[in-house]
Amino acid sequence: MASVERMRNRSAREALFRKMFLVTTMISSVLVMGSISPTARAQQELFQSAQINQVQFNIPSQPLDQALTSFGQQSQLQVSVDPTLVRGLRSHAINGTYAPIEALSALLSGLGVNYQIADGVVTLQKISDASDGAIILPTVTVESRQAPANPYGPDDSIVASQTMVGTKTNTPLIKTPQSISIVTSKEIESRAAQNVNQSLRYAAGVVTDSSGVDDRFDSLTARGFSLNEYLDGTRLLSSSSGFAVPQMDPYLLERIEVLRGPSSVLYGSASPGGVVNLVSKRPTDKPLREVLLRGGSYGHKEVAFDVGGAVNEEGSVLFRVTGLGRETGTQVDHTQYQRFFIAPSITVRPNDDTDITFLLNYQYDPEAGFFNKLPAKGSALPGAAGKIPKEFYAGDTDFDEFKRSLVSTGYNIEHRFSDAVTFRQNMRYLRMDTDFAAAYASGTVQADGHTLNRNAFTSDESLTNVTIDNQIEVEFDTGSLSHTTLFGFDYQWRRWSQDAGFGTAPTIDFLNPNHNQSIASPPAFADQIQRQTQMGIYAQDQIGYGGWSLLLSGRFDRASNGTDNHRTGVNTDHTDYDFTGRAGVSYLFDNGIAPYISYSESFEPTSGTDISGTPFSPTTGSQNEIGIKYQPQAINALLSLSAYDLTQQNVLTPDPTNSNFNVQTGEVRSRGLELEGKASLSSNLSVTAAYAFVDAEITEANNATKGKSPVGIPEHMASAWLDYAFASGAMDGVEIGGGIRYLGKSFGNNANSFMVDDAMLFDAAIRYNLGDLDEQLSNAELSVNGSNLFDKEYIARCQDNGCYYGLGRSVIATLKYNW
């Protein structure tokens with residue numbers, strides 16, 4: 001019946017999409033026509049923000065030239081100074097929140113230097129009267145022009161302005177012609193996110209927590225397709241069909257970046273859904289000392305620390321060490337998670353033009369999760385024996401296990417040969433071992449309606465991979481055109497081994513469960529080694545002309561895959577070659593409005609052969625996107641609206657001549673619209689809001705799925721979160737936050753015969769600085785976070801063989817101390 005309803009509404013939804021796409025185009029046109037303003041006014045407004053906006057400064061007393069450099073970095077004002085002119089002068093220390101002009105006055109107080117303001121420029125001048133001991137200082141100019149922020153963080157607000165993820169160069173988000181979301185560490189911390197899924201709950205169109213309490217992997221989708229994870233710009237390679245999948249803890253991360261749509265031109269083989277780039281915490285100049293304790297629902301216990309700073313007085317060697325230990329139960333009986341990690345890093349600056357950061361991470365998860373998919377009948381659908389409780393565990397406590405260990409080490413090098421030429425190299429080695437065993441519900445129920453059939457699966461796996469990315473960035477001008485050109489070569493190598501068993505397991509009755517049955521080791525199912533190498537060369541040119549930005553990119557890849565099947569003795573090898581491209585153009589008006597349009601491509605190798613033994617070609621993706629971004633000058637905010645038409649081709653579908661084989665004539669199309677806004681409206685108020693509409697359809701297939709929607713893709717999603725900090729009165733020192741998430745309906749199986757209901761979820765947070773109780777506790781903060789406050793019972797996702805309950809109510813308290 002749901003399938004009939006879907007067919008009836010198809011034309012209506014297509015009409016809705018056309019209207020949304022038209023509205024997006026009209027909004028862009030109207031804003032373009034009404035947005036032209038004089039450049040001089042924009043410069044003056046930018047300068048006025050330096051007088052009004054509050055910025056956190058931490059500049060110790062030091063030589064004045066170094067202090068001015070720190071001031072420029074922290075205020076995002078470009079400072080131009082000849083070090084010889086300020087030699088011998090020492091700045092005052094400033095530590096706190098100031099307007100940049102206030103901070104500059106404090107920095108220079110008593111040094112015989114003052115400043116004048118004219119035409120949006122701050123000019124530092126000598127005091128002419130030297131007879132009374134004032135110091136004569138030649139003129140130094142501080143221009144009210146924003147300097148690029150650090151694209152790796154740290155970020156002091158929820159609004160990020162710069163990123164490397166969209167271009168691999170330090171580019172403003174407003175000038176990148178592709179949809180991007182950035183979740184900063186401040187946002188991760190404010191919601192006490194325990195994994196990457198939870199960190200991205202409020203990002204537009206990103207489907208998170210789709211496996212409910214099953215947190216073994218970061219199962220993320222956007223625009224109807226999966227998202228591939230990267231760490232510091234290189235792929236987090238994993239097993240192709242097993243359980244050796246690296247999972248990074250959010251406490252390790254400075255920010256999480258989502259690049260939506262095909263992105264192979266920079267990152268090689270990838271899903272057309274896009275890229276999730278995890279940015280590691282790195283050493284900082286600023287001293288960092290943090291310890292936190294957490295406790296909460298289901299016996300949650302956690303301790304973590306994050307320390308770092310400069311090793312020497314010159315600041316040429318920096319360090320950071322981050323560590324965590326966590327243990328918690330879950331809403332499912334007889335289950336728990338345990339995690340321990342330590343991640344030291346060190347940055348060496350042998351000279352002003354070279355930065356080398358070494359990163360190491362050791363992680364051990366003795367309890368890494370469990371598999372608890374339940375039959376649709378009794379969870380999403382009515383069952384003959386009633387509803388299966390969300391707390392029900394379908395596994396076996398003696399048989400089940402999932403433990404994994406991971407070690408990764410690597411480095412990031414950046415060397416500036418000149419102001420125009422920069423070389424970067426990012427390298428990582430990763431080794432992972434997993435042991436997995438599970439007795440799980442097979443998706444079918446016996447005639448009594450409460451006895452579940454089960455299977456048993458075991459898998460011992462080892463994963464080793466190396467990734468390296470080399471980049472040369474060159475900046476130059478050709479007449480009135482500015483160029484930022486990037487040339488790159490990257491390499492990936494992966495080796496994955498698996499020894500697996502599969503068979504049936506004893507049934508289990510959810511009305512009277514026995515979790516300690518005798519389960520024999522299942523028969524051998526797989527004994528294999530898979531090898532993968534990929535090499536790619538790419539080039540990109542970012543061309544600027546006034547407010548215009550043109551982006552052109554191209555890439556050529558060679559991807560080789562091989563399998564050694566030790567059970568059959570058959571070894572296979574296959575190599576694919578592919579070219580991908582991207583083009584985009586945007587125009588940034590003086591008032592901060594930037595409409596854009598872009599086209600991008602992707603490819604992803606496909607395992608297997610057709611009936612004739614011919615290896616499958618890679619799937620390919622192509623996307624047209626139009627949008628508009630707005631970065632107002634009066635407040636710290638970024639708003640974006642995008643509409644897209646995305647198609648994946650060469651999708652496997654049954655061979656019409658022999659259903660035991662596949663052919664590559666399938667196609668999936670996804671069209672939709674996304675809206676996202678983030679704003680720090682003042683020093684004590686911030687807000688984020690998002691909405692996404694997705695119309696995904698299997699447009700070509702040789703079976704009954706043609707014309708149907710892929711499973712687990714909500715048609716509508718929306719969210720909003722607000723944080724407010726009281727600055728006076730009885731509530732001084734208290735910060736409150738609240739959020740709402742809407743997860744729309746989705747189809748529960750490939751036949752589209754039933755739908756999973758929508759859900760509305762509420763989250764909240766409260767934080768209190770204990771310094772208001774006692775000055776000695778001014779560096780201590782107590783916070784409480786709650787998710788799904790009203791304990792809404794809902795289904796997160798269904799597939800043909802079962803469903804996942806969504807996460808119920810969870811409350812976590814955090815005590816954090818910084819010094």
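Trainee: Let's start with the strands: which residue in S42 does glycine 296 stand opposite?

Mentor: Happy to, and keep in mind that this is a predicted model. S17 covers residues 288-296, and 7 bridges join S17 to S42 in an antiparallel arrangement. In that pairing, the residue of S42 opposite glycine 296 is isoleucine 812.

Trainee: And on the S18 side, which residue stands opposite leucine 288?

Mentor: S17 and S18 (residues 300-310) also run antiparallel, joined by 9 bridges. Leucine 288 belongs to S17, and the residue facing leucine 288 from S18 is glycine 308.

Trainee: Which residue in the turn between S17 and S18 has a positive phi?

Mentor: The two strands form a hairpin with 3 residues between them.

Trainee: Which residues are closest to the centre of the largest cavity?

Mentor: The lining draws at least two residues from each of several elements, including helix H6 (196-199) and strand S42 (810-818). S42 is also the strand that pairs with S17. Of the 49 lining residues, the closest to the centre are Gln194, Asn195, Gln198, Leu807 and Ser810.

Trainee: How many residues in that lining are charged?

Mentor: Sorting the lining of the largest cavity by class gives 14 nonpolar and 22 polar residues. The charged residues there number 13.

Trainee: Which strand gives the most to the lining of the second largest cavity?

Mentor: This cavity has a volume of about 280 Å³, and among the 24 residues lining it, Leu231, Asp232, Ser280, Leu359 and Leu360 are closest to its centre. S19, S20, S21, S22 (401-416) and S23 (421-445) each supply at least two lining residues. With 5 residues, the top contributor is S22.

Trainee: How many contacts beyond near neighbours in sequence does the stretch 129-147 have in the model?

Mentor: The chain's mean pLDDT is 87, and 85% of its residues reach 70 or more. Over residues 129-147, though, the pLDDT is below 50. Where pLDDT is low, predicted coordinates should not be read in detail. With that caution, the number of contacts for residues 129-147 is 55.

Note on methods: Residues are numbered from 1 along each chain as its sequence is written. This is a predicted model: local features need pLDDT of at least 70, side-chain atom pairs count only at pLDDT 80 or more; totals for chains, interfaces and linings use all residues. Side-chain values use heavy atoms; hydrogens and water are left out. On a 1 Å grid over the protein atoms alone, a cavity is a set of points where a 1.4 Å probe fits but cannot get out, and a pocket is an open set with protein on both sides within 12 Å along at least five of seven lines; lining residues have an atom within 4 Å of a point. Helices (H or I, at least four residues) and strands (E, at least two) are DSSP runs, numbered from the N terminus. Ala, Val, Leu, Ile, Met, Phe, Trp, Tyr, Cys and Pro count as nonpolar, Asp, Glu, Lys and Arg as charged, and the others, Gly among them, as polar. Grid points are joined across faces, edges and corners, and a volume is the space filled by probe spheres set on the points. pLDDT is the predictor's confidence in each residue, from 0 to 100. Contact means heavy atoms within 4.5 Å. Two strands pair if DSSP finds at least two bridges between them.
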